[in-house]
Amino acid sequence: MISRRRRAALLLGLALVLGALAAGDVGRRERALTAGLGPAVPVVVARTGLEPGRVVAAKDVTVRRVPRRYAPADRVAATSEVVGLRPRVAVAPGADLSIPMLDDGAGPQLRAGERIADLVVIGDPKLVRPGGRVDLLVTRDAEQSEGSTRLALEDAEVLTVGDAPSDGGDGGGGRIAVALRVSVKQAVYLAAAQNFASELRVLPRSPDDSRRGAAGTTARSSLKGIG
């Protein structure tokens with residue numbers, strides 16, 4: 001007959017064996033799950049709601065770790081990658097951030113009431129550079145009346161500069177393609193000028209020259225009556 005002490009020892013041993021088997025089974029299940037989901041990776045998420053166009057601050061985002069299987073393919077892994085950028089769309093609190101959702105600032109940031117005017121003009125690409133400032137002259141040929149050249153735009157910011165599209169002629173002839181930051185009214189005028197004027201010419205300005213007041217100055221083809 002087994003004594004109580006011996007029976008207790010056997011039960012305790014059996015419990016330990018069963019516990020070890022259960023722990024091993026749990027371990028195997030965890031390893032299989034980890035293998036299936038992949039290791040945990042960092043994903044940047046919105047701590048608060050993010051508004052389109054508003055610069056993301058460090059306090060607006062945080063990092064959580066999720067299984068690689070469930071992480072966005074274009075995930076952002078560090079908050080430093082998004083701070084200072086602008087969301088293209090509204091982002092809800094807790095939502096994952098991805099690269100396509102963010103504007104890296106490579107393109108121009110327009111303010112309210114601003115537009116981009118794309119023009120083909122006469123200018124020197126060595127002097128007309130992105131970030132620089134220019135004045136714009138519009139020349140109209142004499143048809144039924146006297147032709148004229150008018151200072152149409154002052155101190156406009158150059159956003160981009162490129163090669164002018166080929167017109168099948170004998171080359172560029174000093175023509176370049178520029179994008180200027182302008183108002184809505186200026187954009188309408190420049191669109192018409194591009195279609196009907198004989199020539200558009202940009203004049204580079206000094207970086208420290210912000211004087212205005214000469215817009216509208218006109219020279220007739222007879223060189224009379226400048227004013």
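The model is a predicted one, in which local features need pLDDT of at least 70 and side-chain atom pairs count only at pLDDT 80 or more, whereas totals for chains, interfaces and linings use all residues. Residues are numbered from 1 along each chain as its sequence is written, and side-chain values use heavy atoms, with hydrogens and water left out. The accessible surface of the protein chain, computed by the Shrake-Rupley method with a 1.4 Å probe (for residues, only the protein chains shown count as cover), comes to about 14,800 Å², and 55% of this surface belongs to carbon and sulfur atoms.

The protein chain contains two helices and 10 strands, where helices (H or I, at least four residues) and strands (E, at least two) are DSSP runs numbered from the N terminus. Read from the N terminus, the order of these elements is α-β-β-β-β-β-β-β-β-α-β-β. With contact taken as heavy atoms within 4.5 Å, 66% of the contacts between residues at least 6 apart in sequence join residues at least 24 apart.

Strand pairing, which requires that DSSP find at least two bridges between two strands, involves strand 8 with two partners described here. Strand 5 and strand 8 run antiparallel and are joined by nine bridges, and I122 stands opposite R175 in strand 8. Strand 7 and strand 8 also run antiparallel, with six bridges between them, and here V158 stands opposite L180 of strand 8.

In soluble globular proteins, nonpolar side chains tend to be buried together. Leaving aside neighbours within four places in sequence, L119 is in contact with L136, I176, A177, V178, L180, L190, Q194 and L200.

Helix 2 also holds V188, which counts as exposed because its relative accessible area is 56%. Although V188 and A117 are 71 residues apart in sequence, their C-alpha atoms are 8.8 Å apart in space.

Charged side chains form a further group of links. Side chains of opposite charge can pair when their charged atoms come close, and the structure holds 13 salt bridges, each being a side-chain nitrogen of Lys or Arg within 4 Å of a carboxyl oxygen of Asp or Glu. One of these joins E157 to R133, with the closest N and O atoms 3.9 Å apart; because E157 lies in strand 7 and R133 in strand 6, the pair ties together parts that are 24 residues apart in sequence. R133 is partly exposed, with a relative accessible area of 29%. A salt bridge of E199 with R201 has its closest N and O atoms 3.2 Å apart, and these two residues are partly exposed, at 28% for E199 and 32% for R201. In another salt bridge the side chains of R205 and D209 meet at 3.3 Å, N to O, and R205 counts as buried because its relative accessibility is 13%. Through shared partners, salt bridges join E114, R133, D135, D155, E157, R181, R205, D209, R211 and R212 into one network.

E114 lies in strand 5 and is buried, with a relative accessible area of 14%. The side chains of E114 and R181 are joined by a polar contact of 2.8 Å, a polar contact being a pair of N or O atoms within 3.5 Å of which, within protein, one must be able to donate a hydrogen and the other to accept it, while residues adjacent in sequence count only if both atoms are side-chain atoms. D155 is placed in strand 7 (residues 148-163) and is buried, with a relative accessible area of 8%. The phi angle of D155 is near 50 degrees, a positive value in a residue other than glycine.

Terms used: Buried means under 20% relative accessible area, exposed over 50%, partly exposed in between (1.4 Å probe, protein chains only).
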